[in-house]
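Colleague: Could you take me closely through the metal site, and tell me which protein donors hold the ion and where they sit in the chain?

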Amino acid sequence: MKIVKIDVFPLNLPMKQNFTISGGSVGDRQKGAPHVYIKITAEDGTEGWGESRPSNRWSYETIESVVTTINHYFKQVLLGQNAEDIKNIHKLMNSEIKNGLTIGQPIAKAAIDTALHDLIGKQMRKSIEELWFTKPKDSINLSYLISTRNIEEAVQKARYALENNYQGIDLKIGFDFKKDLELVEAVKAIAPKLFFRVDANQGYTLSKAITVSKGLEKLGVDVFEQPLKANDLLGHAELRRKTSIPIALDESIWTAGDLIQAIRLEACDTAVVKLTKMGGLTGVKMCGEIAKEANLDLLGGGLTESTLGLTASAHIFNYLEINTPVDLNGPMFLEDDPVGEGPTIKDGKVFLNKDLHGIGCLIDHQKLEKYKVE
Ligand SMILES: [Mg+2]
């Protein structure tokens, strides 16, 4: 089944809430958020859809780089290739855009990988899990993301999470280490029983991270995510020896090779897996399976993908049996997106639509046109 067409749709999706991490704004209500949808068409007419959600505040990829990478580098080698040979597709993409220290342009590659899984699932009339010889679960629990430096606002959001049956809270820190602990304490007091994950997005130096970890131990936080710079595996290993709080790595782990280095250096207790940073479902599956075999815990996350990327992520997280609430928070921030029919997201859960094959999302073409940008 040959790939005959690859369409790229750069989009600006409207946001209902601003979203800021320690690196800066990831999207806001005035400007919206950059997303790229892609459609791959096979020779029998079957279509598969995938999504990229780049943010220059999180990594080096941008809406412009995703579009030019796919249009100028991937299309020329992927058109005419067998859509069912995803392994070969990755080899071709990885030879067109080589790695630096880790995988090159994973967010662009993720859209292609996801679209091919969707296409194969539709062609075979199977869900993503069934392509991997297992049955899909009905739903997955979400954590509620809080990203503000304002304590009042954070407390209000924690109340909202409790009232709306979320099972966990993911609190962004890494701004100012003293104020961060006050923020954690205030939110923890509102929701003492929820799974509690704090994410510094590389915001601390080692000495500050050690101080913060002592505070987090007292407050009873469940996991401390990416306190130090992505390339500082030895720093994370040292922090691990100095705290009882489990340390999770997110921006440090993009590939199975990165994960194996982290395991060798004893740099983490937990690996954060994400569709976009790992170049798609193939990368998440491999990293997730290795982490589980190495007795690490797994956390599921996203980069505020819309419903399409969120649903693809829910399938792989269910496959990996991740039982802590996952941080798939796009619809919390987005006012709207181009998925028409798809999962139901309510009560802090994603309920997958089992009547649809592949990822299980139908695209609303009018909305795709409405949000398209040049
Ligand atoms: Mg993170």
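Modeller: What follows looks at the magnesium site and then at the chain around it. This is a predicted model, in which local features need pLDDT of at least 70 and side-chain atom pairs count only at pLDDT 80 or more, while totals for chains, interfaces and linings use all residues. Residues are numbered from 1 along each chain as its sequence is written, and side-chain values use heavy atoms, with hydrogens and water left out.

The protein donors of the magnesium ion are Asp199 (OD), Glu225 (OE) and Asp250 (OD), which lie 2.1 to 2.3 Å from the ion; donors here are N, O and S atoms within 2.8 Å of the metal (3.2 Å for Na, K and Ca), and since water is not among the atoms, sites may look incomplete. Along the chain these donors follow the spacing D-x25-E-x24-D. Asp199 belongs to strand S9 (residues 195–199) and Glu225 to strand S10 (residues 223–225), so this pair ties together parts that are 26 residues apart in sequence; strands (E, at least two residues) and helices (H or I, at least four) are DSSP runs, numbered from the N terminus.

Asp199 is buried, at a relative accessible area of 2%, and Glu225 is likewise buried, at 1%, where buried means under 20% relative accessible area, exposed over 50% and partly exposed in between (1.4 Å probe, protein chains only). For the setting, buried residues make up 60% of the 374 residues in the chain, and its secondary structure comes to 13 helices and 15 strands.
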